[in-house]
Amino acid sequence: MVPMGNRMPGAQAKNAGPSRPKCDHCASFIPGRSEVWEDREHAGVPTAHFVLGRDGAVQKIEVLRAADSTAVRVFEYAGGHLVSEAQDTNGDGVLDRFERFDADGEVVMREEDLNGDGKIDVRSFFEKGKLVRREIIDPELLQGDAAHERGAPAH
Ligand SMILES: [Ca+2]
């Protein structure tokens, strides 16, 4: 005779805690959208984050700083073309330069946070790669050293 009522599943087996994948090269797949983290610098933490679309094409790539996983560069793609790029140009952990590109890969707009407060200060518009208009958004930049071109050679 086999006792029928003795196979009580242990309550602990169902309560093993949250399953949090801890790995240096892991992927989580969500229907229609996939995300992949990679530890490209063998830093023990992910330093690249890929977001893939339903078709498997890359939609977004984030390059992460190993020290604190903040994004230092963010690339966004649509239809296989790079449409925007954001960058932390001075390494303070805040994205401070944002560019948008046309279908030919030419920059059409660049937004810059020059004083590192996380707000855009200057917005530049381009046509066929040439600067056509520039807006100064932060009025503080008009008082004094507004003419600082980021990336321009220092004289
Ligand atoms: Ca700013």
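Mentor: Strands are DSSP runs of E with at least two residues, and they are numbered from the N terminus. With that convention, Ser69 of this predicted model is placed in the loop between β4 (58–64) and β5 (71–78).

Trainee: How many helices and strands does the chain have?

Mentor: The chain contains zero helices and ten strands. Read from the N terminus, the order of elements is β-β-β-β-β-β-β-β-β-β.

Trainee: What confidence does the predictor assign to the chain?

Mentor: The mean pLDDT of the chain is 79, and 70% of the residues reach 70 or more. Where pLDDT is low, the predicted coordinates should not be read in detail. In this chain that caution concerns residues 5–24, over which pLDDT stays under 50. For that segment the model has three contacts beyond four places in sequence.

Trainee: What share of the residues is buried?

Mentor: A residue counts as buried when 20 or more other C-beta atoms lie within 10 Å of its own. Buried residues account for 8% of the 155 residues in the chain. As for contacts between residues at least 6 apart in sequence, 7% of them link residues at least 24 apart.

Trainee: Which strand pairs with β7, and in which sense?

Mentor: Two strands pair if DSSP finds at least two bridges between them. Strand β7 (residues 97–101) pairs with β8 in the antiparallel sense, over five bridges. Within this pairing, Phe101 has Val107 of β8 as its bridge partner, and Arg97 is bridged to Glu112 of β8. The hairpin of β7 and β8 has five residues between the strands, and Gly105 there adopts a positive phi near 85°.

Strand β6 (residues 81–87) also pairs with β7, antiparallel and over four bridges; here Ala86 faces Phe98 of β7. Further along, β8 and β9 run antiparallel and are joined by four bridges.

Trainee: Why is His42 classed as exposed, and why is Ser69 classed as partly exposed?

Mentor: The count of other C-beta atoms within 10 Å decides: 12 or fewer means exposed, 20 or more means buried, and the values in between mean partly exposed. His42 is exposed because 10 other C-beta atoms lie within 10 Å of its own. Ser69 is partly exposed because its count is 14.

Trainee: Is Asp117 buried or exposed?

Mentor: Asp117 has 12 C-beta neighbours inside 10 Å, so it counts as exposed. Asp117 belongs to the loop between β8 (107–112) and β9 (122–127).

Trainee: What separation is found between the C-alpha atoms of Asp117 and Val94?

Mentor: Their C-alpha atoms are separated by 8.2 Å, while Asp117 and Val94 are 23 residues apart along the chain.

Note on methods
Residues are numbered from 1 along each chain as its sequence is written. This is a predicted model: local features need pLDDT of at least 70, side-chain atom pairs count only at pLDDT 80 or more; totals for chains, interfaces and linings use all residues. Two residues are in contact if their C-beta atoms, placed from the backbone, lie within 7 Å. pLDDT is the predictor's confidence in each residue, from 0 to 100.
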